[in-house]
Structure formats: C-alpha cells, structure tokens
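User: Could you walk me through reading this model, feature by feature? I would like the general idea each time, then the case at hand.

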Amino acid sequence: MREDFFEFEDFVLDRDAYELRRADAFVPLQRIPLELLCLLVERRGQLVTREEILERVWGKGFFVDSETSINTAIRKVRRALGDTPEAPRFVLTVPAKGYRFVAAVRTANRQTWPSVGKAAHAAQRSMVGRERELALLLSGLDDATSRRGRLFLICGEPGVGKTRLADEIAAAAQAKGMAVMIGHCSEHDEAVAYLPFVEILENFVDRSSSPESLRSALGTQGSELTLLLPKLRTLLPELPLPLDLPPAQARRHLFNCFFDFVARVASERPTIMILEDLHWADDSTLSLLDHLVQRLSDLPLMVIGTYRDAELKATRGLGNILEAFLRGRLATRATISCLPRDEVGAMLESLSGKSPPASIVSEIYAETEGNPFFVEELFRHLVEENRLYDSAGRFRSELKIGESEAPSSVRLIVTRRVARLKDATQMMLATAAIIGRSFNFELLQVSHAATADSLLECVEEAERAGLIRSVTGSRKARFEFCHELTRQAVLSSLSVARRERLHLNVANAIERVYSAVSGPKDTASKKVPYIEVVADHDHVAELAYHYARGANPHKAVEYCLRAVRKFAYVGSGTEALAQFESGLELLQDLPEGNRRAEIELDLRNAVFGAIGDIKGYASPEAEQSYARAMEICQRPGINWEKTWVALYGMFFVQQLRPDVRKAEAITNDLSAAAQRHDSISHLAEAQNWSAYTSMVSGAFQAAASTFDRAWIRLESFANPSALKTPPGQTIWGWGTLQNNRILSGWNLWFLGYPDRALDRLNWASEVAQHPLAPKDILADIHGFATYIYELRGEPAQMKARAAARLALANEHGFFTGRTISEIYLGWADALAGDLEGGIERMRRHMLEMKTAGSEYIADRCLAFIAAALGRMRRIDEALRAIDEASQFIERTGQRYYEAELYRLKGELLLAQNSSNAQAEERFRTAIDIARRQHAKSWELRATTSLVRLLRDTNRRHEARAMLARIYNWFTEGFDTADLKNAKALLDELSA
C-alpha cells in the first residue's frame, strides 16, 4: 500500500494533499522546499545527493544555480521544521555530498489517518467579513469549471483587502483542482509593457518540469511569446525568431498567441487568472486584457482584476476600459470597503486568538477606520512594542493610542518595523525597493554586492518581520514586498543621494544579469534585424528608468531610444511616447554636439507612428517634432535614410493638414533622394504618395500614371500575390503594396472606372484579411473602402466599412481613422433619416480633427452637411457650408471634390429658386472642371443634374444629346447609382 502520510516528532507530512502540519496547525511551505522534504523523508536514512535533488525537484534539462537554489530550499525546510544545521534533528548535511533525513519516521495511508489539520488551517486563516463578495466570486469558479469564463473586478481603497480576497478565491480554486495564474502591475515598473502577463508566463515557465513539457505547453506560440519573455530562447534554443511584422500587426499577433497559450492551459485544467493592481497597468497591459476578455465567455477561465477605485480619475485608460467592460456586461464588479467596528473586533480576535475588549476595538477602529491592512500593521506594531498585552498576556483595557505610539500613516508604522532590523537587512530592503515590488534573488545579489549566505540571512529576517514574502512556484528564488505601501515606506526613508546610487547599482546589475542588453545595437544601419533587437531587449525600459535616476543620462537616453523602438514595434503607442518624452528631457543633460543631435533625430523618427496615432499626424506636436527633425538633418554627416524618414514624417503633416502644394514638393524631394541612392523601396513609397498628391489636386490621369510606375517597381522585387515581402526590401512592410492598390483604386473611380476601383479594393481587402496582415493597413483599407462605396452610392457597405474602421481605430488608438469614421457614420445617419443627429455628429468630429491640426476631410464633410441641410430645406445654411468648402479648396489646393461642390451648389440654388439661372451656371462649371481633370464620374453626375434642369426648361433635345455622350463613354459600373440614374433619365428623354 502506498505511503501517504509520514509522521516525525509532532509533524505530519501529507504527500497526497501536498501539505505539512504540526499538531493540527498548517505549516506554510513553498513548492520547491516541500518537494525536497518529500524526497528526503521518502529516502529517510539514506544519502540524497545534490545531483539527485536537482533531477527530482527541478527536472532534467533545466539550468539552475544549484548551490544557491538547493541551499535556499534546505534553509526553508529547516526553518519550517525548527531545525538547525549545527544541531540537526531532521536534516543532516553530508559535506560535499548531499543530505540525509535522520529523524524517526512513522508511516500510514489515507484510510488510517484522521483528517485533521486542514480544518484547523482554514480556521486559522479564515477571512473576516466579505461573505457577500466571497459568494459572488465563488460562483465565478463554478462557472469557470463549466466553461463559462467571467471577469470579476475587485476594487477599493489601498489596504482594504482586495489582494486578501483574491488570495482566498485562489485558495478555493486550488482546492477545486484549478490552476492559478497571478501577475502584478507596478507603479515602479510602469515602463515594462505587459508586466502582469510577463510575470504569469515567467511563473508558468519556472513551474515546468522539463523542456519537453514546456515546449508542449507553449505549442506553436513559443516563438512569439519570446517577445514577452526572452529567456524562453535560452531554455528552448531551437525556437525560431518571431515573425518580422509591422508594429500593429505584431501586437495583434502577439495577443492572439498569448490568448491561444492561456486557452490551451485552461482547456487542460480549469484556471483562475489574477491581475493585481490594475490601477498601475500600462496601455499595453489593458489592451491585452481587453483582447482576452472579449474572448473569455466560452473558456474554463476565471479572471480577477484588482484596482484602487480612488485612482480611476487619474488613470483614464483603465477607467475607459473598465467602463466598457461593465457597460458591455463583460465584467462583474465587487466593491469592498473598510470593515465596520464589529468586524474589526472579529479581525483582532483572529489575529490574537482571544476576544478583545470593546475599548481596544474602538481605539484601533478609530485609528485605522477599519482598513484591514492598517488594522493588521497596527496590531503587529503594538505587539512588538509590548503595548497591547499586560504581563499575564491579557489585552490592556486602558490602552490609548497616541500619535507618537501609532502614527496615522501606515508608512510610518512600516518604517518603525524596518528600523528594528539589523543594518544589513535595512540596506537589502532599500535595494529591493529600488528594484520594485517583486525582485529575484539573483538580481538582488548582484545589485547589493553581497555574498549569497549573508544576503539570505537578510532576506529571511525581512520575511520573518512580515515585510517581504517568497513567491511560490518560482524555480529561481523570487520575493515580493507584502504590500506596495511597505515598499513605499522603505523608499521614503532614503535620501536623494542614496536613491541615486542604488538606481545606478540596479541598472548595472540588470546589464550584468541580462547580458543580452549589455550594449546598444545599431538598428539604423540595419546591422541587426529589427525583430531580433526587440526580442533581445526585454529590460530596456527598466534600464532607461534606473539610469535616469542614477544620474547617467548618456546610458539612460540610449535605452530610452531603444525602448521607444520596442514599444512602437509591439504597438504600445502611449509607452513609446512616454519614453520619447523622457528621452528628450534626458538629452538636456548631455553636452551639445553632433552625437546629442543625432540621438534626438533618432528619437523623433522612432516615435513618428506613436505621435501620429495618439495626437494626430497633422497635430502641432507632430509638426513641431518633424520641424525639429528636419533642422537636425541640416547638420553634416547625417545618414541619408534618417533624413528621408524625417522628411517622410513632414509629408504626412502636410498631407493631413492639408497643404497639397507643400506635400507635393516633399514627395519630389523624397523621390529625388531615393533615386540618388538607388533605393527602389524608398522610391516606390515616394511615388505612391506623389501619385496621391496628384490625385487630391485633381490631376487624376497623372496620378494613375505614377501609381502604375510605382507598382511596376514594387513588382520588380516583391510578389504581392504570394503575400511575401523579402526581408530588407521594403521600408514599410506590406503598406506600400496595399496603399498602391487602394489609392489607385480610389483614383480609378474619379477617372470613370467604378468596377476597376472595386476590384482593386477587393484585392487589397483580401490580402489585409490574411492572419499575418497588419491591422493598421486593414484599418486604412476599411477607410478607403468607405470612400469608394460612398462614391458608388452604396450606403450600407459604406456604413459597414466605416464601423469596421472605427472598431480598429478605437482598439489601437488611431486618431485620424476614428474621427473620419465618425464623420462617415454621421453621413450614414443622415442618409437613414436622422438628419439633425447626422449633421451634429459630422460637425463635432470635423471640429475635433481641426482642433488637432487637420482639415483633411473638410471638403467632403461640408459637402455631406450641405446635402443633409438641403434635404431639411435649410438652403441658406447649406449654401454657407458649400462656400466654406470652396474657400477650403482655394486655401489648400485639395481639388478632387471641386466639381462635386459646384454641382451641389447648383442643386441648392435650384431648390431655392426653380428659375434661378445661377444653378445652370454652377452645373456647367462643374462639368468644365470635371473635363479638365478627366474626372468622368464627376462629369456624369454634374451632367445628370444639368440635364434635369434642361428637361424642365423645355430643352430636351440638347439634354438628351449631352447625357448620351457622357453615358456612352462608360464601359463599366452600370449597376452603380449614378449610371442607373443617368440611364433612367436617358430613357425618359428618348421616349
């Protein structure tokens, strides 16, 4: 019969339940030391070598620092048993060999051993209050085991017990046999993208028994997950490099891979995922959380997020996403508040094991206001100060807590507790606090420059004091502060000079421990593939943070630059912009000169997409950044490609302002530079946008020729139909290919080829639906499809594409895409009959764009507004909108809607006065403009309006000949609204 229980002295080791008890009391012991104890007891009386321990406890194929790891585990076993190496009662050290369990052991099986201990343990750790919240959350566990995944949000003030409640649910989940994943956000580590998910993945890897099991668990997502956890490549060196994708696409692909990984884990074993301190979550973390929650409902997965509700106003991103979750019924919120007086009494009884008098409860309640963390910390403080009990061990009923004995701030309480520790432990805690809420032993040792044994003594003293705790389930020794307030209390006691020195120590230690980031790599010169740089640089933001606060601005700004590139690659625009701003500030501490100027140029080029997405590409911030970049480019010795990128950024400023003349001049400069340096990829990109500027200026035939020349160049080095782009051959990935097709398709509609326009749209749309296609390109394609379907007179398709673009824009923060989509959806509202609502929506978002520096769509938007006002018979307002649009055309040079504006004005004048001769003049002017521009579609529309007027003024013969001439020119698009209307009118005139 299998041995389930082992007795030695007053201890019971329950191998099946995986727990250690002493006289019915639970003895907490982490996984690694508990497994080691099981091994030693099972082999009692025999030598167990260190090699056997490594293989049995950690598994074959995993590299660990055997001396530190085994020593740490043995110490934890001895501490749990009350044993010492000098006079061992249980574990004997065999020098240079291993260990032997020397105590007498009695064995039993589960059927013969009474079930005690667990109940005692449960009673010992029972939670005070929170019955309603516990019931709510426990229902989530039941749902998860039934494959009905749910998100629960636990909120409240600091110290109110959010983490304690989450821990209780985690314990209940483990009792049900569920897997538990826990990750923390951190105020200190705000620059570390996806921090809680990185921690979850790291803990999962540390718990894996072998490389084979890890490889199986990660599945095909392993290579992409190295972007979150680069050390995976050390453990599984055969993993391929992640796909080299544009930033937005890379982020979406990473999200899908992480979701697939979690879904696979949960499918094998129902899982609870706890995300602590979401009030410190960065935008990347919130985006990935949103991605998971949207797909949670049919998974055996329960997600719990904790956050401080008082900080939501200061954390706008979190507030917005939580509001969306709750509004969409994707989350259930449990708000917990401070304990009432009677529950404070129950908590004190739980902590002390005896019933406290009412006076003690009132005094502590008045001091803490029922905050559980404050209650517990104050209780510990009073016990340690010998102020709570009398000589007989009874509560002091006359206890009075004054400011000097029990400060109002819990930080001061923690500071006093820290002060009672030995100096070496205080110094260790100072270093750990600089590292962050969570820290691993290796980094702490290198930062602190202490021997492993002496540092372990400090760590153990801090653990005994309840200031830090071991992180369970980690293969390497890892610890965390028991509460963030504890860490902040330690930091508050440090002088500015001490903090500076410690930050520098930690930065140097990170470089030593994580040697992959020991020095900047030159991505600009393309010596190292960009994807490889991103994968290797998991700690660049931390290094920028620590070097900045360690008074080393040279290294700090270098790492800021690399952090901008990393965050831009993974699509974390807010983080990229924050690192950019930090880098600019740090530059002020560097000496003037070419090196400082070039770093600034690199920063401004690297943040191009982030500024555009968040602020708007034509925003004052974007213009100022690129004006400064162009100024730097005037210095001698600047790499031509860096100058090209800066000029390209300025083109987008002018394009979306818009100032067509300036944009056209810039595309000429871009083309000339590409030709001088014989770069096909740069030339193709420049020609695409040169053709675009021709199109918006009304030169549609010239635009078509330039689009075709760019396409020929693209086909010379890439095969678009194969969905492949050779590495290093294009500067913007697939964007050049898709932009060429969709922009040239838009241009074809103006030229009178509505079906060919749709063909190119469908080609681009099909490619963009590929799983590896970037989402920013898909958003743009939805945008151009919106324009083409509106011109073809297909409002349902127009609305669907605008809504699809808006969804992507909201998810990824595309400012221009969002506002333009809202304008087109306003037009869709108007077409559906909500004229007032549609006009208000269009005007609101046109103003939003203008405020951000762009009037890019003003001509179209004003045309839509004028048409809607015309339907409402508010002709004077409509005519003013047309006049405003005409002034816009003259000011900007953006003339591709000029003919349509004249036609609309004619229709409005006709509606104002059916005999108004000015209407005919506007129609004829619209036709003349369309003919000069070779804009057959505009010519057809204007001709149709004029022919109706001629028909109604008894000039039917002239009208029929005019309409037949333009209608017969068309060879396609006969199912579009314009050609159907023309055909119906032509048939009427021929009758």
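Analyst: Happy to. Let's begin with a helix pair: helix 37 and helix 38 cross in a left-handed way (left-handed means that the near helix is turned anticlockwise from the far one by less than a right angle, right-handed that it is turned clockwise). Please keep in mind that this is a predicted model, in which local features need pLDDT of at least 70 and side-chain atom pairs count only at pLDDT 80 or more, while totals for chains, interfaces and linings use all residues. Residues are numbered from 1 along each chain as its sequence is written, and side-chain values use heavy atoms, with hydrogens and water left out.

User: How do I describe such a pair, and at roughly what angle do the axes of helix 37 and helix 38 cross?

Analyst: Two packed helices are described by the angle between their axes and the distance between the axes. Helix 37 (residues 795–812) and helix 38 (residues 815–831) have axes that come within 8 Å and cross at roughly 150°. Axes here are lines fitted to C-alpha atoms, for helices over the stretch in contact, with angles running from 0 to 180 degrees between N-to-C directions. The two helices are therefore roughly antiparallel to each other (over 145 degrees; under 35 is roughly parallel, 65 to 115 roughly perpendicular and the rest oblique). On the helix 37 side the contact includes P795, M798, A802 and L806, and on the helix 38 side it includes G817, I820, Y824 and L831. Contact means heavy atoms within 4.5 Å.

User: And a single side chain: is H782 buried or exposed?

Analyst: H782 counts as buried, because its relative accessibility is 9%. The cut-offs are under 20% relative accessible area for buried, over 50% for exposed and partly exposed in between, with a 1.4 Å probe and protein chains only. H782 belongs to helix 36 (residues 775–791). Leaving aside neighbours within four places in sequence, H782 touches Q769, R801, A804, R805 and L808. For a contrast, look at R132 in helix 5 (residues 131–145): with a relative accessible area of 60%, R132 is exposed.

User: What span should helix 44 have, and how far apart are its end C-alpha atoms?

Analyst: The expected span of a helix is 1.5 Å times one less than its number of residues. Helix 44 (residues 936–952) has 17 residues and should span 24 Å; its end C-alpha atoms are 24 Å apart, which agrees. Of those 17 residues, 13 are buried, so helix 44 is largely enclosed by the rest of the structure. After helix 44 comes N954, with a positive phi near 60°.

User: Now strands. Which way do the residues of strand 1 point?

Analyst: In a regular strand the side chains alternate between the two faces of the sheet. In strand 1 (residues 5–8), F5 and E7 point one way and F6 and F8 the other, and all are buried. Strand 1 runs antiparallel to strand 2 (residues 11–14), joined by 4 bridges; two strands pair if DSSP finds at least two bridges between them. E7 has V12 as its bridge partner in strand 2. The two strands form a hairpin with 2 residues between them, and E9 in the turn has a positive phi of about 50°.

User: What order do the strands of the 5-strand sheet follow?

Analyst: They follow 10-11-12-9-13 in an open sheet, and the pairing is parallel. Its edges are strand 10 (179–184) and strand 13 (331–335), each pairing on one side only. Strand 10 and strand 11 (residues 271–276) share 6 bridges, and I182 is partnered by I274. Helix 7 (residues 195–207) lies across these two strands, at about 135° to strand 10.

User: How many helices and strands does the chain have?

Analyst: There are 46 helices and 16 strands; these are DSSP runs numbered from the N terminus, helices being H or I of at least four residues and strands E of at least two. Buried residues make up 57% of the 991 in the chain.
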